[in-house]
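Subject: Structure handover

Dear colleague,

Please find the structure below, with the sequence. My notes on it follow.

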Amino acid sequence: RMIRAATLTDLDTVCERARAFHAYSPWRAVDFEADAVRAFAATIIAGGGVFLSDEGLCGGVIQPLYFNPAFKVAVELVWWAPSEGQALKAAFEEWARASGASAIQFSALGDEHLAAVTRIYGRAGYRLAEASFLKGL
C-alpha cells in the first residue's frame, strides 16, 4: 500500500473520506456540505499538505505563531484513517519537516477513544499543548 500526496484531481476522493469522518465524528449532527469540503480541500492541497492512503487521508497547513511568525507549526486539520493511520501521520510529519515547520500539532476527538489516542501521541513524542471546549448556542 502506498501513501501519496493528494492533487486537485483527488477532490472527490478527499470529499468521500471527509464524509466518512463526518459520519463518525461528534460533528455528524451538522450538515455536510460537499461543495464546501471540495473548496476547503482545494485550498489545503494547494497551500498545505494532504496525503492519501487506500482508505484514509491526513492533511493540514503550516501556520506561524501569532506571537512569533518565525516559529511555524504544521497543523493537522483532517485525519481519517480506518487503516494505515501511522503511515499517514509519518507522511504528514515528513512533509512538515521538509516544509520548514518548527513543530507539528495533531488533534484528537473528545470521544471514548481520547485516552487511547493520547497514549499513542505520547509514545510518538507529542505532548498536550492545548484543549478546546465546545458549547452550542
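Which strands do the buried residues of α3 pack against? They pack against β2 (49–52), β3, β4 and β5, where contact means heavy atoms within 4.5 Å and buried means under 20% relative accessible area, with exposed over 50% and partly exposed in between (1.4 Å probe, protein chains only).

First, the basis. This is a predicted model, in which local features need pLDDT of at least 70 and side-chain atom pairs count only at pLDDT 80 or more, while totals for chains, interfaces and linings use all residues. Residues are numbered from 1 along each chain as its sequence is written, and side-chain values use heavy atoms, with hydrogens and water left out.

The sheet

Helices (H or I, at least four residues) and strands (E, at least two) are DSSP runs, numbered from the N terminus. Two strands are paired if DSSP finds at least two bridges between them. On that basis there is an open sheet of five strands in the order β1-β2-β3-β4-β5, with mixed pairing. β1 (4–5) and β5 (103–105) stand at the edges with a single partner strand each, so one side of each has no neighbour in the sheet.

Strands β3 (residues 57–65) and β4 (residues 68–80) run antiparallel and are joined by nine bridges. They form a hairpin, with two residues between them. Along this pair, G60 has E76 in β4 as its bridge partner, and Q63 stands opposite V73 in β4. On the β5 side, β4 pairs with β5 in the parallel sense over three bridges. There V73 stands opposite A103 in β5.

Helix α3 and its ends

Helix α3 (residues 85–98) has 14 residues. From its first C-alpha to its last it reaches 20 Å, close to the 20 Å expected at 1.5 Å a residue; the expected span is 1.5 Å times one less than the number of residues. Its buried residues are G85, L88, K89, A91, F92, E93, W95 and A96.

Two backbone angles are worth a look. Most residues other than glycine have a negative phi. E84, in the loop between β4 and α3, has a positive phi of about 60° although it is not a glycine. Just after α3, G100 also takes a positive phi, of about 85°.

E93 lies in helix α3 and is buried, at 13% relative accessibility. Leaving aside its neighbours within four places in sequence, E93 is in contact with I104, F106 and Y126.

Salt bridges

Side chains of opposite charge can pair when their charged atoms come close. A salt bridge here is a side-chain nitrogen of Lys or Arg within 4 Å of a carboxyl oxygen of Asp or Glu. By this rule the count comes to four.

One of them joins E93 to K89, with the closest N and O atoms 3.3 Å apart. E93 and K89 are four residues apart in helix α3, which means a separation of about one helical turn. K89 is buried too, with a relative accessible area of 6%. Elsewhere, salt bridges that share partners join D12, D35 and R38 into one network.

An α-helix has 3.6 residues a turn, so residues three or four places apart point the same way. R38 counts as partly exposed at 29% relative accessibility, and D35 as exposed at 64%.

R4 forms a salt bridge with D10, the closest N and O atoms being 2.8 Å apart.

The surface

W27, V30 and L134 make a nonpolar surface patch of about 340 Å². Patches are made of residues with over 30% relative accessible area and no salt bridge: like charges are joined within 9 Å, and nonpolar side chains (Val, Leu, Ile, Met, Phe, Trp, Tyr) within 5 Å. Accessible areas come from the Shrake-Rupley method with a 1.4 Å probe; for residues, only the protein chains shown count as cover. V30 is placed in the loop between α1 (11–24) and α2 (34–47), and at 47% relative accessibility V30 counts as partly exposed.

Regards
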